[in-house]
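Let's take a friendly walk through a protein model, from the whole fold to single side chains. Have the viewer ready and look up each residue as you read.

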Amino acid sequence: MNVVLQQHLPSAQGEWDFDFQAWPLAQAQRWRVVLYQSAEQRWAAMADHAVNPMLLERLEAEVLCAVQWLEVDSTVLNMALQSGSESFRAMDALLGADNAATPVATLQELSALQLSEQQSPLVRLLDSVLHDALQDGASDVHLECKAMGMAIRYRIDGVMVDVRSLNDPVAAEQLVSRLKVMAELDIGERRLPQDGRFALRTKGRDIDFRLSIIPSVFGEDAVIRILDRAQISQAQGALTLEALGLDAASRAAIRKLALLPNGMLLVTGPTGSGKTTTLYAAISEVNTGRDKIITIEDPVEYHLAGVVQVPVNDKKGLTFARGLRSILRHDPDRVMVGEIRDSETAQIAVQAALTGHLVFSTVHANSAIDVIGRFMHMGLDLYDVVSALNGVVAQRLLRLNCRHCTQPVTVTPEQIHAYGLTLDATQGHRFCAGAGCSHCRGTGYQGRNAVAELLLMDDVLRDLIAARAPIGKIKAAARERGMKTLRQGALELVCQGQTTFEEVDRVTLAL
């Protein structure tokens with residue numbers, strides 16, 4: 001045991017720092033030992049002239065490394081302990097002030113009991129529409145004005161479903177006004193589109209709703225997007241690529257792209273195709289706590305533990321481009337941009353990918369290769385784009401056969417050939433379809449599965465894209481390298497008995 005005699009502690013303002021994380025302040029005060037950290041060494045400073053061997057073993061076991069003992073004057077040690085105590089009290093006061101200044105908002109409860117107690121018929125109607133939408137698993141509620149009232153429709157599993165009709169134009173107008181009040185919009189403005197948000201509480205969790213209102217021929221139409229943040233946040237362990245239903249090859253390729261140290265991973269598809277959820281799943285799988293991960297989204301749809309999430313606020317000037325610039329000054333390892341909408345955001349994202357960051361983002365395009373055309377349209381240098389780009393995932397969601405009423409169906413050889421399949425390839429497969437039951441509202445479908453088309457960049461594809469080769473030539477080269485199209489992935493689900501040819505045509509007919 002080596003004890004260095006020293007009359008003064010090294011300066012904590014320079015290369016030395018208190019280490020109250022490895023050796024808490026309470027322990028330091030109890031044992032009268034302060035742990036210091038320098039660039040190469042940990043030092044345990046004490047005032048007693050005799051070193052306690054048990055204390056040495058205890059401290060080294062807690063900090064998980066050897067320490068150099070340092071004997072100092074007791075007055076100096078007391079000053080160090082006093083300084084540490086004052087800093088902790090200041091932090092406690094600051095946290096207490098923040099908590100006191102942030103009141104907990106009380107949200108309106110949305111439940112069957114609250115509906116039965118509601119006195120206003122109009123409020124009861126709107127609350128019941130939202131309550132039923134949550135019960136049915138709808139992603140959107142559509143309120144569409146017509147000549148004599150309003151049609152109320154849900155989007156369930158990506159398909160519109162008629163729910164009820166309101167045959168009273170005055171009540172329809174009041175229903176939209178009620179929504180505006182909830183979202184704090186201008187109820188007097190009826191000629192311009194308006195967007196807002198509101199939140200309700202149901203079954204002990206908060207549900208966020210995004211509201212969009214546009215003027216139409218017969219009044220104002222409203223669409224309410226349902227964002228159940230707790231749906232995924234409460235089951236972080238289930239937020240994986242397996243939970244999305246992607247096939248094994250797609251999962252392996254996305255994981256490989258998500259583990260790269262730099263570059264760009266893009267997910268593309270139409271609105272509601274699960275792009276953001278796929279990125280969340282990829283980030284959750286690589287979020288080990290060793291990397292700094294920051295996202296900028298509009299809005300933050302689901303909360304991810306251990307991830308810094310920044311919401312876009314256009315009214316205050318916090319755009320994707322401005323937020324992304326600030327994020328890069330926070331030394332992130334991985335960055336997620338909710339959507340690349342404009343050339344400025346695209347340029348910053350590409351430069352971030354080229355300078356050592358791994359960038360995740362979404363782009364609206366019909367296929368993986370069409371993403372290249374989107375970047376060309378934004379005026380970006382193709383050489384920079386292909387240098388930064390690691391891969392593109394094009395995604396769609398297909399409805400699955402209802403597990404309660406699915407049954408085998410007969411498929412003719414003509415149908416098999418019409419979809420580009422062969423009898424040998426389908427030999428032994430069982431084709432199924434849902435007959436329709438109360439569980440699936442008579443549709444034969446319940447739940448959805450993701451299918452993906454992956455464009456994995458290599459030198460050949462980069463050269464073709466940078467040289468502005470014809471799209472057909474780029475697609476041929478990608479297929480030679482094993483790219484499976486969205487339609488091929490969808491047909492595989494048919495052969496597995498999970499969905500139908502009709503659903504494949506609905507989602508991928510033009511691809």
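## Ground rules and overall make-up

This is a predicted model, in which local features need pLDDT of at least 70 and side-chain atom pairs count only at pLDDT 80 or more, while totals for chains, interfaces and linings use all residues. Residues are numbered from 1 along each chain as its sequence is written, and side-chain values use heavy atoms, with hydrogens and water left out.

The protein has 18 helices and 20 strands. Helices (H or I, at least four residues) and strands (E, at least two) are DSSP runs, numbered from the N terminus. Of the 511 residues in the protein, 47% are buried. Buried means under 20% relative accessible area, exposed means over 50%, and partly exposed is in between (1.4 Å probe, protein chains only). Among the contacts with a separation of 6 or more, 64% join residues 24 or more positions apart; a contact means heavy atoms within 4.5 Å.

## Two helix pairs

How do helix 5 and helix 6 cross? The axes of helix 5 (residues 121–136) and helix 6 (residues 169–182) come within 10 Å and cross at roughly 70 degrees. Here, axes are lines fitted to C-alpha atoms, for helices over the stretch in contact, and angles run from 0 to 180 degrees between N-to-C directions. Helix 5 and helix 6 are therefore roughly perpendicular to each other. For such angles, under 35 degrees counts as roughly parallel, over 145 as roughly antiparallel, 65 to 115 as roughly perpendicular and the rest as oblique.

On the helix 5 side, the contact is made by Leu122, Val123, Leu125 and Leu126, which meet Ala171, Gln174, Leu175, Arg178, Leu179 and Met182 in helix 6. By class, the contact of helix 5 with helix 6 has eight nonpolar, one polar and one charged residues. Ala, Val, Leu, Ile, Met, Phe, Trp, Tyr, Cys and Pro count as nonpolar, Asp, Glu, Lys and Arg as charged, and the others, Gly among them, as polar.

Now look at helix 15 (residues 459–466) and helix 16 (residues 471–480), which pack at an angle of about 175 degrees with their axes 10 Å apart. That makes helix 15 roughly antiparallel to helix 16. Leu461, Leu464 and Ile465 of helix 15 touch Lys473, Ile474, Ala477 and Ala478 of helix 16. This contact of helix 15 with helix 16 has six nonpolar, no polar and one charged residues.

## Aromatic rings

A pair of aromatic rings is described by the distance of the centres and the angle of the planes. Rings of Phe, Tyr and Trp (its six-membered ring) pair if their centres lie within 6.5 Å; planes under 30 degrees apart count as stacked, over 60 as edge-to-face and the rest as tilted. The whole structure has three aromatic pairs, including these two:

| Pair | Centre to centre | Angle of planes | Type |
|---|---|---|---|
| Phe198 and Phe209 | 5.0 Å | 15 degrees | stacked |
| Tyr419 and Phe501 | 4.3 Å | 25 degrees | stacked |

Phe198 lies in strand 9 (residues 194–202) and Phe209 in strand 10 (residues 205–216), so their pair ties together parts that are 11 residues apart in sequence. Phe198 counts as buried at 7% relative accessibility, and Phe209 counts as buried at 1%.

Tyr419 is buried at 18% relative accessibility, and Phe501 is buried at 5%. Together with Phe431, Tyr419 and Phe501 form one aromatic cluster.

## Two single residues

Thr295 lies in strand 13 (residues 293–297). Is Thr295 buried or exposed? At 0% relative accessibility, Thr295 counts as buried. Leaving aside its neighbours within four places in sequence, Thr295 is in contact with Val307, Val308, Gln309, Val310, Ile327 and Met336.

Arg251 lies in helix 8 (residues 248–258) and counts as buried at 18% relative accessibility. Beyond its neighbours within four places in sequence, Arg251 is in contact with Leu241, Glu242 and Leu246.
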